[in-house]
Amino acid sequence: MLRNPRTASRAAFCKNHAAFASLLETLDYPFTVMLSKCGKGPLLVTKRCASTAKSPAKMMAWQIYQYGGNEELTLSDRARAATIKAPNELLIKVHAASVNPIDVKMRGGYGQKVLNMLRAQQGGLLGSEFPLILGRDFSGVVIETGRAVYGALSAYRQGSHAQFTVASDSEIAKKPQVLSHTEAASIPYVATTSWAALCTIGELSEKNAHKKRVLVQGGSGGIGTFSIQLLKAWGAYVATTCSTDAVDFLRNLGADAVIDYKTTDAKKELSKLPQFDFVFDAVGGPTADDSFDLLKKWTNAKLVTIVHPFLQNTDSFGVVPGMGRAVIALGSNLMKGFSAGRSYRWAIFLPNGKALEKVGRLVQRDLIHPVVEKEFPFSELPAAFQFVEEGHNRGKTVVKMVERGDQPH
């Protein structure tokens, strides 16, 4: 049995800043690792056997050679193929992948300083991150076993906009049989981001969400549409905000109250409703600040936002100074709630194969449905980026690698 030498500092960090401690959990060790919450207790490590799948030498992939706009996306049929480097990794043939707003931001360099630090720690950065393959979520087939899986890759990894990708077994789960690869590829990133906010940081679960009053700010995007369905599957009351053209769409997804911010004063309309136990903010800015006053007092009500300055600060000021500024900003948010028994928290995307397993079961039970707004062939991936970049999306944008045989199996 080995003990983690960073246990004490990591536990203290986790106690007050759970979102940043969660970032550390994205590190992927080539071992089976069991660590109690917040880094307390012993770290058990056992070696695992490496996969025997042989990687192809070259593959087709969309790459960027520097950060910038859509003009940087380059299609190559001679890209260096994804390779297995750790015993817990699997080589996967990609059948379909999503384009998310985070991909558009990463194309422009968002998060590069933290991500390059993580790449260096994982031994995957030798001089430069380029050529870089974008894309977080995917659906495909494990080369070694033929098993159909879906998953979301850690942000420091080479991405899924390629013929092949490598994922750890903690980043994937069995693809729901009722879904095609195109449908399945629309779920992992929004599911794991929502799970991080609602469950990992927000402490909601299928056991305690029943009859909780939850407000989802920004309900019509990929994360909003997934969160509404997950919360309704767990028996929560869900209110949400959107523009006029998405009102009926969100009602059909199950939202109990839908506030149109285009034709009404959303803040005023929301204040007329009974206060909430939980606010999930996918908008940020004044919307997040205004939402805090909609929480119940002295009931441990929580606001969790995924729009915060953590990576923006590290990009602008460097990793250590940027994290320091982020901690100060988060501390200011936390102080808002102390006088009324409420809390303000930040969440980030975290790969989570276990969560995807649970989501898959809800999909199989017809409680969660994929929301695919538009599909593009792989050859038109820049058009998919442009579509997502224009904003006001209603669900997910998916890129198909395999044009035939994309049926549930």
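Q: What makes a run of residues a helix in this predicted model?
A: A helix is a DSSP run of H or I with at least four residues, numbered from the N terminus. Residues 319-338 form helix α12, and Phe-338 has its place there.

Q: Why is Phe-338 called exposed?
A: Exposed means over 50% relative accessible area. Phe-338 has 54%, so Phe-338 is exposed. Its C-alpha atom is separated by 9.9 Å from that of Asn-300, 38 residues apart along the chain.

Q: What makes β10 and β11 a pair?
A: Pairing needs at least two bridges found by DSSP. Four bridges join β10 (residues 213-217) to β11 (residues 237-242), so the two strands pair. They run parallel. Val-216 stands opposite Thr-240 in β11.

Q: Why are β12 and β15 called edge strands?
A: The open sheet has six strands in the order β12-β11-β10-β13-β14-β15, with parallel pairing. β12 (257-260) and β15 (342-346) each pair on one side only. Neighbouring strands of this sheet are turned by 15° against each other on average, direction ignored.

Q: Which strands does helix α6 touch?
A: Helix α6 (residues 188-201) packs on the sheet and touches β13 (278-281), β14 (301-305) and β15. The direction of α6 makes about 150° with that of β13.

Q: How do α6 and α7 cross?
A: The axes of α6 and α7 (residues 222-233) come within 9 Å and cross at roughly 65°. The crossing is right-handed. Among the contact residues are Trp-195 and Leu-198 of α6, with Phe-226 and Leu-230 of α7. The contact residues divide into nine nonpolar, four polar and no charged.

Note on methods:
Residues are numbered from 1 along each chain as its sequence is written. This is a predicted model: local features need pLDDT of at least 70, side-chain atom pairs count only at pLDDT 80 or more; totals for chains, interfaces and linings use all residues. Side-chain values use heavy atoms; hydrogens and water are left out. Axes are lines fitted to C-alpha atoms, for helices over the stretch in contact, and angles run from 0 to 180 degrees between N-to-C directions. Contact means heavy atoms within 4.5 Å. Buried means under 20% relative accessible area, exposed over 50%, partly exposed in between (1.4 Å probe, protein chains only). A crossing is left-handed if the near helix is turned anticlockwise from the far one by less than a right angle, and right-handed if clockwise. Ala, Val, Leu, Ile, Met, Phe, Trp, Tyr, Cys and Pro count as nonpolar, Asp, Glu, Lys and Arg as charged, and the others, Gly among them, as polar.
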